[in-house]
Amino acid sequence: MKVCVLASGSSGNCTFIELSGMKILVDAGISAKRIVHTLNEIGEDIDEIEGVFLSHEHSDHVKGVPNLLEKYQLRLFSNRETLQRLPIQVPFHQWYELTSDPFQMGDVIVQPFSVNHDAANPIAFTFQNHQESVGVVTDIGSVTNLVREQLTHVNVLVIEANYDYQMLMNGPYPWDLKQRIASRLGHLSNEDTAKLIAELVHPSLEYVFLAHRSENNNDEFLCKDTIQQILAQNNVPLPPIAMTYQRKRSILFHRS
Ligand SMILES: [Zn+2]
Ligand SMILES: [Zn+2]
């Protein structure tokens with residue numbers, strides 16, 4: 001299994017996953033050119049990517065989609081509501097419709113599941129084969145039992161830690177935007193994420209990527225500190241944590 005967050009944050013998200021030889025992207029909110037370039041950096045080729053899975057239609061998740069579909073003939077995996085809100089017409093043969101049912105691609109079982117966010121039909125994903133699994137969950141305003149259930153056994157978790165509550169409230173955003181971000185249809189704070197990780201930690205949780213960090217309402221070190229503190233308060237051992245970045249890729253998690 002390989003996992004690399006090519007970019008993450010409020011202005012563009014894209015995650016590369018390889019599992020049982022299946023190579024895919026989750027979201028494509030940065031340019032196709034940058035995706036191709038960053039994949040090359042980690043020794044991967046866009047021509048081997050089987051498709052892009054979309055979590056929802058916000059531009060920080062779909063900006064690169066038109067070019068990826070047109071230039072590289074990638075397939076798009078999304079639900080109908082997300083598809084209908086894209087700024088392009090997707091040729092029918094390039095679209096695979098996601099529902100809430102799991103489905104198999106090669107040796108991998110893909111499980112899309114609903115999350116709370118202010119989009120048409122936002123979802124998150126787990127991908128698993130017979131021995132390992134990865135969950136990718138960003139853009140959720142609140143943690144539901146469904147989310148907890150789906151993430152219980154993952155080995156690698158990409159989870160959003162969007163904002164620090166104090167920084168958001170004292171920051172420059174207009175009040176209605178602050179409220180939207182902090183609402184149950186917005187994003188997770190560092191504290192929300194820490195509490196979720198504390199619930200999910202188990203011996204096989206090997207790696208956690210902290211994703212979708214706001215450049216205005218959060219700070220890399222504060223984010224990591226908050227998570228460390230809350231896990232320590234709960235007497236939960238800290239799993240290895242990797243940060244993700246808006247302007248550069250994360251480390252490449254590689255387990256052979
Ligand atoms: Zn969003
Ligand atoms: Zn987003």
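Ile109 stands opposite Gln128 in strand β9. The model is predicted, so to speak of local features takes a pLDDT of at least 70, and side-chain atom pairs count only at pLDDT 80 or more, while totals for chains, interfaces and linings use all residues. Residues are numbered from 1 along each chain as its sequence is written, with chains lettered from A and ligands numbered from 1 in written order.

Strand β9 covers residues 123-128 and runs antiparallel to β8, joined by six bridges. Strands here are DSSP runs of E, at least two residues long; helices are runs of H or I, at least four; both are numbered from the N terminus. Strands pair if DSSP finds at least two bridges between them. β8 (residues 108-114) also pairs with β7 (residues 103-105), antiparallel, over three bridges. There, Gln104 has Ile109 as its bridge partner. Two residues lie between the strands of this hairpin, and Gly106 takes a positive phi near 60 degrees.

Now to helix α1, residues 32-41. Its buried residues are Ala32, Ile35 and Leu39. They lie on the same side of α1, because they cover an arc of only 55 degrees around the axis. That arc is taken from the directions from the helix axis to the C-beta atoms. Buried means 20 or more other C-beta atoms within 10 Å, exposed 12 or fewer, partly exposed in between, with C-beta atoms placed from the backbone. Lys33, Asn40 and Glu41 are exposed on the other side. Just after α1, Gly43 takes a positive phi of about 80 degrees.

Arg180 sits in helix α7 (residues 175-182). Arg180 is partly exposed, because 15 other C-beta atoms lie within 10 Å.
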